[in-house]
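Got your viewer open and ready to click around? Let's take a tour, one selection at a time.

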Amino acid sequence: MTSPSAPQAVPDELILAGEFAGAAREQWQDLVAGVLRKSGALPEGFDGAVESLLTSRTYDGIVVAPLYTAEDAAPSGGFPGLPPFVRGGRPEGQVATGWDVRSRHADPDPAAARAAVLADLEHGVTSLWLVVGEAGLPVSALGDVLAEVYLDLAPVTLDAGAEFAAAAEELLRVHADKGVPASEVKGNLGADPLGHHARTGAGADLDGAAALAVRAAAAYPRLRSIVVDGLPFHQAGGSDAEELGASLAAGVAYLRALTAAGLDVDAAAAQLDFRYAATADQFLTIAKFRAARRLWARVTEVSGGAVAQRQHAVSSPAMMTRRDPWVNMLRTTLACFGAGVGGADAVTVLPFDAALGLPDAFARRVARNTQAVLLEESKLAGVIDPAGGSWYVESLSDELAKAAWSWFTEIERAGGLLAALDSGLVADRLGATWAARSANLATRVDAITGVSEFPNLAEKSLSRKAEPARPGGGLPAVRYAEAYEELRDRSDRTLAETGARPKVFLATLGPVAAHTARASFAANLFQAGGIETVAGGVATDAETVAARFAGSGATVACLCGSDKSYADLAGPAAEALKAAGAAQVLLAGKPADGLLRSGVDGFVFVGCDTLKILRATLETLGAKA
């Protein structure tokens with residue numbers, strides 16, 4: 001019998017992969033170059049940094065690299081609860097309680113709004129965002145809607161546009177009638193005259209907002225009075241830095257007005273909440289909320305104060321779609337994740353049907369349960385600033401803050417936000433960004449799943465009661481999917497009036513393996529415009545192609561095949577298709593002079609102007625306007 005072996009010593013420090021040689025950046029570059037070379041993406045004779053071929057740019061011109069290392073480290077974000085507040089506005093983060101789950105309500109019917117409010121509060125929502133006045137509930141209905149709400153437990157943030165003073169008065173009366181002590185009144189009275197001016201071009205009552213803030217600071221120590229809303233700039237097509245810079249300028253304007261009215265800097269800053277859009281780009285969203293706190297910390301520092309920015313995140317209304325709205329659940333989940341990781345104090349997940357009108361009970365349930373899963377099951381708030389230390393996130397936060405500060409200072413040099421809005425500076429800047437984004441949407445460089453990519457022509461449309469329209473007249477409010485949805489609407493009208501959708505015949509040349517990729521690409525492209533595609537099956541001669549086209553009921557054809565099949569068959573097939581009645585023959589593949597001479601009228605390919613092609617094809621097919 002052998003004696004037991006002696007226990008082995010446990011090292012004080014475990015060095016993972018310690019027996020392997022360290023990897024160098026050059027080794028990674030060589031591997032990347034090999035992959036790009038095999039795929040044909042490495043230009044002949046290229047001698048630059050291979051990672052430059054994999055970089056992208058945000059709409060703020062920030063270069064996003066494929067790899068980040070310690071060499072890309074940004075300035076220290078400090079510690080949670082301490083300036084510059086990059087890592088969070090509170091030292092304890094949201095570990096104990098999670099972020100504030102806030103639901104939005106804009107139904108003008110007091111009974112319906114009351115029922116929806118109670119359902120939300122009974123199932124996980126912790127605060128309310130009420131749209132009142134012209135765009136939502138009547139101001140006089142606040143008491144009825146909140147009759148069964150414990151306002152000391154469920155704070156209310158108002159959104160009343162020009163009627164902020166009357167709405168604030170009514171909400172304070174409701175608190176008083178319920179016996180809520182002034183010291184326990186929480187929430188935000190929602191004055192935002194600059195945001196209202198941005199949306200409508202109407203006058204901005206800064207004096208009225210300042211008076212409300214002075215009153216709140218004196219009598220209601222836990223109540224805020226002003227919302228600095230970044231959504232008007234985001235919904236006008238602006239970039240993340242443009243939203244941050246414009247909202248920072250608004251915050252400074254309010255800070256000036258409130259200090260001029262008698263509040264000190266810290267008391268004035270404590271009256272403000274900042275509202276930002278959270279998008280499906282999780283990393284940009286994380287960086288946005290971190291950068292926003294740093295920016296505001298700098299403003300308060302130079303003003304003589306030190307108050308952390310309080311943030312309300314809202315899943316982007318601009319990214320929401322009316323078509324295939326179920327995909328919005330995925331978008332809003334990513335947005336909520338980004339906002340939570342980014343350290344937002346309150347988060348609103350818009351229901352998946354928000355672009356269609358007033359959401360139904362199921363959509364509201366999914367919206368609040370999205371947050372419940374992330375908080376209760378994923379434990380997302382269990383770590384303070386979980387993205388902190390990531391070389392990518394730290395670098396992106398730093399670059400975004402710099403871009404936003406540059407835009408903010410440009411607005412300040414123009415005389416401040418009000419002057420910059422009135423002069424057209426803000427509209428021109430946001431319009432240029434929207435034009436750039438629109439071009440990327442048109443070419444599907446910016447994809448919209450379920451709309452411009454993988455559309456479902458057989459989807460059953462949802463119908464919702466219309467939400468009251470916000471007053472307009474100022475900056476536009478856009479949605480990214482609008483142009484494609486307009487084409488889908490034309491297709492639906494054609495179907496309703498004629499019994500059939502516009503259709504394109506896919507003339508598939510050669511064996512299945514030769515045409516599948518381009519046929520799938522073409523079908524996806526045409527369906528994004530509501531155009532049904534009819535597959536032609538395997539065809540190896542022009543006569544078969546023409547015969548199948550004649551029986552398809554289509555008047556436009558698109559050739560789909562390999563380069564070899566195009567060389568052999570594209571010319572004869574195009575000629576035969578036109579002889580069979582095709583008004584137009586397109587080809588799935590990049591333009592080539594020889595193919596144009598063979599009778600092909602146009603091309604569909606990766607990076608083409610999809611919207612232009614779809615509009616022209618719908619016209620050719622006689623789709624209803």
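This is a predicted model: local features need pLDDT of at least 70, side-chain atom pairs count only at pLDDT 80 or more; totals for chains, interfaces and linings use all residues.

Start by selecting Leu 146, Phe 526, Cys 558 and Leu 559: in the largest nonpolar core, which has 157 residues, these four touch the most other members. A nonpolar core here is a set of buried Ala, Val, Leu, Ile, Met, Phe, Trp, Tyr and Cys residues joined through side-chain atoms within 4.5 Å. Buried means under 20% relative accessible area, exposed means over 50%, and partly exposed is in between (1.4 Å probe, protein chains only). Now colour helix α8, residues 240-260, which gives the most to this core, with 12 residues. Helices (H or I, at least four residues) and strands (E, at least two) are DSSP runs, numbered from the N terminus. Apart from this core lies another one of nine residues, including Trp 129, Ala 135, Val 314 and Leu 350.

Residues are numbered from 1 along each chain as its sequence is written, and side-chain values use heavy atoms, with hydrogens and water left out.

Next, zoom in on Leu 559. Which residues is Leu 559 in contact with, leaving aside its neighbours within four places in sequence? Among them are Ala 507, Leu 509, Tyr 566, Leu 577, Val 585 and Val 600. Contact means heavy atoms within 4.5 Å.

Now hop to Phe 408, in helix α13 (residues 391-413). Is Phe 408 buried or exposed? Phe 408 counts as buried, because its relative accessibility is 6%. Leaving aside neighbours within four places in sequence, Phe 408 is in contact with Gly 245, Leu 248, Ala 249 and Val 252.

Time for some strands. Pick β5, residues 156-159, and turn the view to see both faces. In a regular strand the side chains alternate between the two faces of the sheet. On one side of β5 sit Val 156 and Leu 158, on the other Thr 157 and Asp 159, and all are buried. Then show β4 (residues 127-131), which pairs with β5 in the parallel sense over four bridges. Two strands pair if DSSP finds at least two bridges between them. Strand β6 (residues 187-191) also runs parallel to β5, joined by two bridges. Click Thr 157 to see both links: Thr 157 is the bridge partner of Trp 129, and its partner in β6 is Asn 188.

Select Pro 83 and Pro 84, which are joined by a cis peptide bond with omega about 10°; Pro 84 is in the loop between β2 (63-64) and β3 (100-105). Then try Asp 324, whose phi is near 45°, a positive value in a residue other than glycine. Asp 324 is in the loop between β9 (311-315) and α11 (328-342), and it is buried, with a relative accessible area of 13%. Last stop: Asp 385, in the loop between α12 (361-377) and α13. Its phi is near 45°, and Asp 385 counts as buried because its relative accessibility is 8%.
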